[in-house]
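Let's take a friendly walk through a protein model together. Keep the sequence and the 3D view side by side as you read.

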Amino acid sequence: MVLFRVISRIPFKILYLFSDVLFFFIYYIFGYRKQVVLSNLAAAFPNKSEQEREKIAREFFQNFCDFMVETVKTLTITQEEIQRRMKLENSEILHRLVNEEKKTVFTMLGHQMNWEWVSLSIASDGIPADVIYKPLSNDFFEKFMLAIRSRFGIKPVSMYNILRDMVSRRKEPRVIGTLADQAPHHPDSAYWSTFFHQETDFFNGTEKLARKFNTPIVFGKVTKIRRGYYSFHLELVAEPSYQDISSGALTEVYIRWLENTLIEQPALWLWSHKRWKHKRTTHPSEDEMVLA
């Protein structure tokens, strides 16, 4: 950890030179997960040419390498620097709901780089923030990520403890950030929909918790302005009560929004995971077919 803290104090200009070198080796020499990325892009964008998909893949790996050095930089980055590099758009939505109306709010976003800076920018704007995270099996990297995600008063909450945490802190107004585009471990209990032309399983836990605790839902979109500079656009999507909204409808709205967001800037998404590794074992209901 000490070494990473030393590295994190290196100026951005030098860190990005290191990112360029890292990109060269990852993309051109080792080809790290390159075929996985190209396979995902071929499935998602069948109408694009091979050259177009390779261009997106190359830009993705460049962004990914920048993301890695930016993540290390997060260990010592200041609130002022975060506010310059991750601009909040429509932050008045969160100020009204959290700071004025004293509500808890779910913010749903995807793995758009740099997602690690989003909660830091929210907290730096004077809005209490939690992040739901998936614990890592490697102790070192678990401590490293918790150190990053605990800065500026942010509270990381394990995805396995979120229900208990919400019950015990139900009167504590805050933003709870969720990366809602991950594939669940148990696809049989997931919400299934068509995403980039394929049946895809999504976590539906955020919608279930929002219904249970009468929590507003805000979507957040990351846009890259230039290297090392981003904006995070907030959009209020739903507020209680949800009694007249069918189960799965809020998750479906998120999926359609995410797909459109990724079409705008596809190279920002984390394409290096096998996005369609799960297969559906049950047939969709009539309601799900209508939603899709």
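Is E101 buried, partly exposed or exposed? E101 counts as partly exposed, at 35% relative accessibility. Here buried means under 20% relative accessible area, exposed means over 50%, and partly exposed lies in between, using a 1.4 Å probe and protein chains only.

Before going on, note that this is a predicted model, where local features need pLDDT of at least 70, side-chain atom pairs count only at pLDDT 80 or more, and totals for chains, interfaces and linings use all residues. Residues are numbered from 1 along each chain as its sequence is written, and side-chain values use heavy atoms, with hydrogens and water left out.

Now back to E101, which forms a salt bridge with K103; their closest N and O atoms are 3.1 Å apart. A salt bridge is a side-chain nitrogen of Lys or Arg within 4 Å of a carboxyl oxygen of Asp or Glu.

Take R280 and E199, whose side chains meet in a salt bridge at 3.3 Å, N to O. R280 lies in the loop between α11 (249-264) and α12 (286-291), while E199 is in strand β7, so the pair ties together parts that are 81 residues apart in sequence. Helices (H or I, at least four residues) and strands (E, at least two) are DSSP runs, numbered from the N terminus. R280 is buried, at 17% relative accessible area, whereas E199 is partly exposed at 43%.

K221 and E264 also meet through their side chains in a salt bridge, at 3.2 Å from N to O. This pair links distant parts of the chain, with K221 in strand β8 (residues 217-226) and E264 in helix α11, 43 residues apart. K221 is buried, with a relative accessible area of 19%, but E264 is exposed, with 52%.

Salt bridges can also join into a network, as they do for D130, K155, D165, R169, E172 and R174.

Next, look at helix α3 (residues 34-44), where V36, V37, L38, N40, L41 and A44 are buried. These buried residues pack against α4 (50-73) and β7 (198-202).

Finally, find T206 in helix α10 (residues 205-213). T206 is buried, with a relative accessible area of 12%. Leaving aside residues up to four places away in sequence, T206 touches F106, M108 and T178, where contact means heavy atoms within 4.5 Å.
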